[in-house]
Amino acid sequence: MGKIKRYLDCHIPITTCNLKCSYCYIAQLDQFQNVKPKVFHTLDVEKKAFSQERLGGPCLVNLCAGGETLLYPDIAGLVRVILENGHYVMIVTNGLLTHKIEELLEIDYELRKRIFFKFSYHYVELKRLNLFEQYFENINKVRRAGASFTCELTPCDEEIEYIDDIKKRCMDNLGAWPHVTIARSDIDPDHRIPHLSNLSFEDYINTWKVFDSNLFNEKIKFFYEKRTEFCYAGDWSLFVDLETGSITPCNCGKRLGDFYDFSKPIKFRAIGNHCSLAHCFNGHSWLSLGDIPEFDIKNYAELRNRKCADGTEWLNPTIKEAFSSKLVEQNEEYSELKKKITNFCYRFY
Ligand code: SF4
Ligand code: SF4
């Protein structure tokens, strides 16, 4: 195993959540729904859909819902099937659905060691609901079970006065400070995808850089920077809607096919120079994994890991090795001619 052939960012379109964060993208778009999510496809279908034969090799599969990912029914079954196909699974969660986390940790160790939990640290909500103990205990269950994790704070203006406490709680419970992302606004009429804060970007950076987070320090370098290079999203990585099966190159780009249509192979086609987004707001994954090979950015392990005071690390050796690789190591770069043809043909897809 080791190196990752493709990155699949899998969207689970449920918009139900057990929290109500002020900066939530679902809340911004007024899309919260209090309905019980349904299973989209049977595990037999998922097994076929995620076969390495279709996907070309071991992939990093990110599972992220619009709301809370672990509310998807039988999430443990879905994760198990993906792991059995030889992939790595990343699960984005607020870390509070204890029984679901425990179910995931019942998966055999040989499979479980390829799970990476991205625990979002929703400090204001944890404080309001007095859930710190449960949150950190669940993360430590994951750690004791030999799976990998990261803890990631979404900075918001309400949290500024609590920065010392945010750091201390994480240090006391997880041995290191949390990583920090950049909250974005999804309702900007000019589609600039701006940072979500009353602070100027410069002040925002100065406020949140105190966490010494590689994730934050790398993201600020390209946030607000339009990407114009040739991008391999669509070939080396995909964005997949796990309900409809729709495949697109990433958060933008034309539809490439149906993930659940087994009558034909998936057509992997790079988006090339046709990125339509104002900036690569999720470049901490797309870019650090290597969708633009010449783009200078730390690897994904460096963005997610933390070394703890006692010498342990948040990533286990299996995940650390996989996340340290770049997609170019398992994929061939296009010739200049192939890039030109790819760009030309894109308009006809
Ligand atoms: S936990 Fe996530 S999905 Fe739920 S309200 Fe907070 S940001 Fe939104
Ligand atoms: S540059 Fe980023 S946002 Fe644009 S297509 Fe590539 S991965 Fe997607």
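A cavity, on a 1 Å grid over the protein atoms alone, is a set of points where a 1.4 Å probe fits but cannot get out, and a molecule sits in a cavity if more than half of its atoms lie within 2 Å of its grid points. This is a predicted model, in which local features need pLDDT of at least 70 and side-chain atom pairs count only at pLDDT 80 or more. Residues are numbered from 1 along each chain as its sequence is written.

Ligand 2 sits in the largest cavity.

## Ligand 1

The residues around ligand 1 include C17, C21, C24, N94 and H122, and its shell has five nonpolar, four polar and one charged residues.

## Glycine 283

G283 belongs to helix α12, residues 283-289, a helix being a DSSP run of H or I with at least four residues, numbered from the N terminus. G283 is buried, with a relative accessible area of 0%, buried meaning under 20% relative accessible area with a 1.4 Å probe and protein chains only.

Leaving aside neighbours within four places in sequence, G283 is in contact with F222, S288 and I297, contact meaning heavy atoms within 4.5 Å. The C-alpha atoms of G283 and I297 are separated by 9.5 Å, although the two residues are 14 places apart along the chain.

Definitions and conventions
Chains lettered and ligands numbered in written order. Heavy atoms only, no water. 1 Å grid on protein atoms, 1.4 Å probe; cavity = no way out; pocket = protein on both sides within 12 Å on 5 of 7 lines; lining within 4 Å. Near = heavy atom within 4 Å. Nonpolar A, V, L, I, M, F, W, Y, C, P; charged D, E, K, R; others polar. Helix = DSSP H or I, 4+ residues; strand = E, 2+ residues; numbered from the N terminus. Buried < 20%, exposed > 50% of the residue type's maximum accessible area, 1.4 Å probe, protein only.
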